[in-house]
Structures are given as structure tokens and as C-alpha cells.
Amino acid sequence: MERLARCWYRACPWRFLLAPFSLIFLALLALRHWAYRLGWLRVTRMPVPVVVVGNITAGGTGKTPLVIWLVERLRQAGYCPGIVSRGYGGRTKAAAPVRPDSDPAAVGDEPVLLAQRCACPVWVGRRRVEAAQRLLAFHPEVDVILSDDGLQHHALGRDIELVAVDGERGFGNGWLLPAGPLREPRARLRSVDAIVVNGGQNLARMPAPQFGMVLAASRFWKLGQPELAVEPARFAGRVVQAVAGIGNPERFFDTLRQFGIRAEPHALSDHHRYRAADIPAGTVLMTEKDAVKCAGFGLPDAWALAVDAEVGPGLEKMILERMKRHGQQTH
């Protein structure tokens, strides 16, 4: 899978062999689209606004930091947000709540991270409609739902769609899965409300408003002692190991280099299910997403890099205006 993903972002003859499968994938997407449009498949709307944060490419684009940013901004504006997610990588199928100490193997790594960072109700489920309904039943105070990575899950009606794009990798070779990284054709961007570019730069010829986003990292916290935080300078000039089981591990390794940290990189697949044996000896640096799966290993010298999204001006205002209009329409 990793070799195939590398092929998506460079010249590679393999894509021509996979092109027939991409055409089949496109046909299935079109059939599903028309099934919803004609009413053969049902769209369920919630009694509160739903904001979807997703992407049209496979792999990491910065959705989780964007969701955390949105929760903070909505809470500051007086809303009480909740989050639903599929719980990718977890074994739970039915709708279930996620707590900060939930088992990532059961509910997924990203939902646990969201529960830890957001301090708001988080529910997962293969069917996001069921997860959203259960969340509202148990938390009637919630007045807006954020759907993490739910762009292609059309059964859940939505009021706002945000698409996160990796500004460095863009859309790769522009082909659909499996010959390329696209989950949907780029034409899908015509119907979204905003495109958030992780990396800050604008992309050419985008059909929706663009907003830049950068991931700011300023501290590491220790696994097992999250209250203990240190500056990156602590690891400069030392021999350290770096592990990353995320969609784009090189982004994490590049961040360490920018801090002047010379780390031995260990790239793993996205949503990797860690075992203690996967962690090298010595001082280990990792992402927060990896940390939620390694916290129980009792690692003596492991640290997670805390990352916060900084989004360009305008997106917050746009979302709050849409939320205000939704409230006026329902009264």
C-alpha cells in the first residue's frame, strides 16, 4: 500500500495498469450519486446544523487539527459542539461514545485524540446517522455536530462542507483510486463551501473559496505524564528516534528537521496498530495520533508533538454566518 501511495505522487507506469479499476470506481461513484439524488438512498437530516470536514484524497490532509480548531471557535461563539466519526481503524461497528481513555483499537485513534483535545461529546459508528442520533439523545445540549471525515457519507445530511487539502501533495496524479489518490473527482469541489489548504498556499483554479491553514507546533509532552511539556530545543543535538503512523509521515519528520532535531525516521502506515516491539529504544518522538495508541506501553522516554491549527481569516466568519442563518430558518 505504501508503494502504491508513493506512485500516486510521482511519475509511475503502474497507474496505467490500474486505470480499468479506477473506471469501475468512477462508475460506482456515479451510481451512488444518482441513487441519493433520485431518492433511492435516504438522506437523514439532524435537528441541529451539521458541519462536515473531509477530503477527496486518501491519506492525511490535516482534518483532525481542523476539527479541533472548529470546536474551539464554535465554543467561543457560544455553541455546544459534538463530533461524530466512523472510527476508522477501530473494531466497533455500532454507535458508541468515545472517552479520552477509550481503547483506540476499539473506537479508532483519531476519535480518541479528538475526545482528549476537544473535551466535548464524541461518538463513532459505521453509520454516522446512527452515531449522530445517539449523540444527540445522550447529549441534548449539543447544538451543532461536526462530522470528521464524512464528505463521502451522504446518508448524513449536512449544512456546511469543508474540504482539507494537503498543500504540498495536492491531488497527486489526479486519478481516482486505485490508480491515484482521489476518492472523488475534482469536480466534487464545485459543491463544497470551502477548501482549507494545509500549508497555507493557494491552489490554482479552485472552484470554491480557499483558506490557508498551517499547523503550529511548539511543545512536546511526555507519554504517561501529559502535564510535563518541554520545548523542541531539548532534543536538539541528541540521538533520537521518530515514529509516525499517519497519512503523510514526511510532514512530521520535516517538522522535526525544522526544529533542528536530527531524528532517525520510522515511517509506518496510517492507523498502524502499534505493538510495544514497534517502538525503538531510546528517546522517541511521535505525533499525538500515535501517542494515543502507545500511551499504555510504559515507554520511559517517549514524547508527543502537540500541534494546533492556525486558519487564515474569513473561514470562522463564514461558518458563524451560516450557523446564524440556520438558526433564523428554524425559528
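Mentor: Let us begin with a cysteine: Cys 12 has a relative accessibility of 14%, so Cys 12 counts as buried, where buried means under 20% relative accessible area, exposed over 50% and partly exposed in between, with a 1.4 Å probe and protein chains only. Bear in mind that this is a predicted model, in which local features need pLDDT of at least 70 and side-chain atom pairs count only at pLDDT 80 or more, while totals for chains, interfaces and linings use all residues. Residues are numbered from 1 along each chain as its sequence is written, and side-chain values use heavy atoms, with hydrogens and water left out.

Trainee: Which cysteine is joined to Cys 12 in a disulfide?

Mentor: A disulfide is a pair of cysteine sulfur atoms within 2.5 Å, and the structure holds one: Cys 7 is joined to Cys 12, with an S to S distance of 2.1 Å. Cys 7 is buried too, at a relative accessible area of 3%. Because the torsion about the S-S bond of Cys 7 and Cys 12 is about -110°, this disulfide is left-handed. Cys 120, by contrast, is in no disulfide, its nearest cysteine sulfur being that of Cys 118, 4.9 Å away.

Trainee: How many residues make up the largest nonpolar core?

Mentor: In soluble globular proteins, nonpolar side chains tend to be buried together. A nonpolar core is a set of buried Ala, Val, Leu, Ile, Met, Phe, Trp, Tyr and Cys residues joined through side-chain atoms within 4.5 Å. The largest one here has 37 residues, and those with the most contacts inside it include Leu 66, Leu 70, Leu 162 and Ile 319. Its largest share, seven residues, comes from helix 3 (residues 63-76), helices being DSSP runs of H or I with at least four residues and strands runs of E with at least two, numbered from the N terminus. Apart from this core lies another, of 32 residues, among them Leu 135 and Val 165.

Trainee: What is the volume of the second largest pocket?

Mentor: Rolling a probe the size of a water molecule over the atoms shows where empty space is left. A pocket, on a 1 Å grid over the protein atoms alone, is an open set of points where a 1.4 Å probe fits, with protein on both sides within 12 Å along at least five of seven lines, and lining residues have an atom within 4 Å of a point. The second largest pocket has a volume of about 260 Å³, a volume being the space filled by probe spheres set on the points, which are joined across faces, edges and corners. Of its 17 lining residues, those closest to its centre include Gln 116 and Trp 221, and helix 5 supplies the largest share, four residues.
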